[in-house]
Amino acid sequence: QVQVVESGGGLVQAGGSLRLSCAASGSIFVINGMGWYRQAPGKQRELVADITSGGRTNYADSVKDRFTISRDNAKNTVYLQMNSLKPEDTAVYYCNADGLYYSSYSRTNTNFNSWGQGTQVTVSS
């Protein structure tokens, strides 16, 4: 199986910055997409940004020009640099990764889609 662990959340004032990190570990054969999602109280989980193994990125309109997603393929890690934070960015941020891992049970490479436990980001006004 593949585990995904986020870090870097916290409390920041409006206009400030935070950097989230997410590392995937386990019997990984290859990671295709990695992304960040967020869920605010009473709202559905939404995509913030994602990035392919080749570096192609995609952003929600609400965070374009403020957030930057990047990844280190050698470390199976994805980052989210968040600048000019707004109170409406307050949410639990989740990391997602998908790809192939080696299953010792089936002795084959098997698809995975893993979520982290989430990290809280709170932006005060």
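This note sets out, point by point, the fold, cross-links, ring contacts and selected residues of a predicted model.

1. Basis of the note. The model is predicted, with local features requiring pLDDT of at least 70 and side-chain atom pairs counted only at pLDDT 80 or more, while totals for chains, interfaces and linings use all residues. Residues are numbered from 1 along each chain as its sequence is written, and side-chain values use heavy atoms, with hydrogens and water left out.

2. Secondary structure. The protein has 0 helices and 11 strands. Helices (H or I, at least four residues) and strands (E, at least two) are DSSP runs, numbered from the N terminus. Read from the N terminus, the order of elements is β-β-β-β-β-β-β-β-β-β-β.

3. Overall dimensions. The radius of gyration is 15 Å, close to the 14 Å that the globule rule gives for 125 residues, so the protein is as compact as a globular protein of that length. This radius is taken over C-alpha atoms, and the globule rule is 2.2 Å times the number of residues to the power 0.38. Along the principal axes, the C-alpha trace spans about 50 × 25 × 20 Å.

4. Surface and burial. The accessible surface comes to about 6800 Å², and 46% of it belongs to carbon and sulfur atoms. Accessible areas come from the Shrake-Rupley method with a 1.4 Å probe; for residues, only the protein chains shown count as cover. Of the 125 residues, 40% count as buried. Buried means under 20% relative accessible area, exposed over 50%, and partly exposed in between (1.4 Å probe, protein chains only).

5. Contacts along the chain. Among contacts between residues at least 6 apart in sequence, 56% join residues at least 24 apart. A contact here means heavy atoms within 4.5 Å.

6. The disulfide. The count comes to 1 disulfide, a disulfide being a pair of cysteine sulfur atoms within 2.5 Å. The bond joins cysteine 22 to cysteine 95, with an S to S distance of 2.0 Å. Cysteine 22 belongs to strand β3 (residues 18–26) and cysteine 95 to strand β9, so the pair, 73 residues apart, links distant parts of the chain. The torsion about the S-S bond is about -80°, so the disulfide is left-handed. Both cysteine 22 and cysteine 95 are buried.

7. Aromatic pairs. The structure holds 2 aromatic pairs. Rings of Phe, Tyr and Trp (its six-membered ring) pair if their centres lie within 6.5 Å; planes under 30 degrees apart count as stacked, over 60 as edge-to-face and the rest as tilted. One of the pairs is formed by tyrosine 101 and phenylalanine 112, whose ring centres are 6.4 Å apart and whose planes stand at 70°, so the arrangement is edge-to-face. Tyrosine 101 is in strand β9 (residues 91–103) and phenylalanine 112 in strand β10 (residues 108–115), 11 residues apart. Both residues, tyrosine 101 and phenylalanine 112, are buried.

8. Arginine 45 and two rings. The charged end of arginine 45 sits over the ring of tyrosine 94, 3.7 Å from the ring centre. Arginine 45 also lies over the face of tryptophan 115, at 4.7 Å from the ring centre. A charge sits over a ring if NZ of Lys or CZ of Arg is within 6 Å of the ring centre and within 35 degrees of the ring normal.

9. Positive phi values. Asparagine 76 has phi near 50°, a positive value in a residue other than glycine. Asparagine 76 lies in the loop between β7 (67–72) and β8 and is partly exposed, with a relative accessible area of 23%. Serine 84 likewise has a positive phi, of about 50°, although it is not a glycine. Serine 84 is found in the loop between β8 and β9, and its relative accessible area of 40% makes it partly exposed.

10. Aspartate 89. This residue is in the loop between β8 (77–82) and β9. At 1% relative accessibility, aspartate 89 counts as buried. Leaving out residues up to four places away in sequence, aspartate 89 touches Arg38, Arg66, Phe67, Ser84, Val121 and Val123.

11. Serine 17 lies in the loop between β2 (10–13) and β3 and is partly exposed at 39% relative accessibility. Beyond neighbours within four places in sequence, the contacts of serine 17 include Val12, Gln81 and Leu85. Serine 21 lies in strand β3 and is buried, with a relative accessible area of 19%. Residues touched by serine 21 include Trp36, Val78 and Tyr79.
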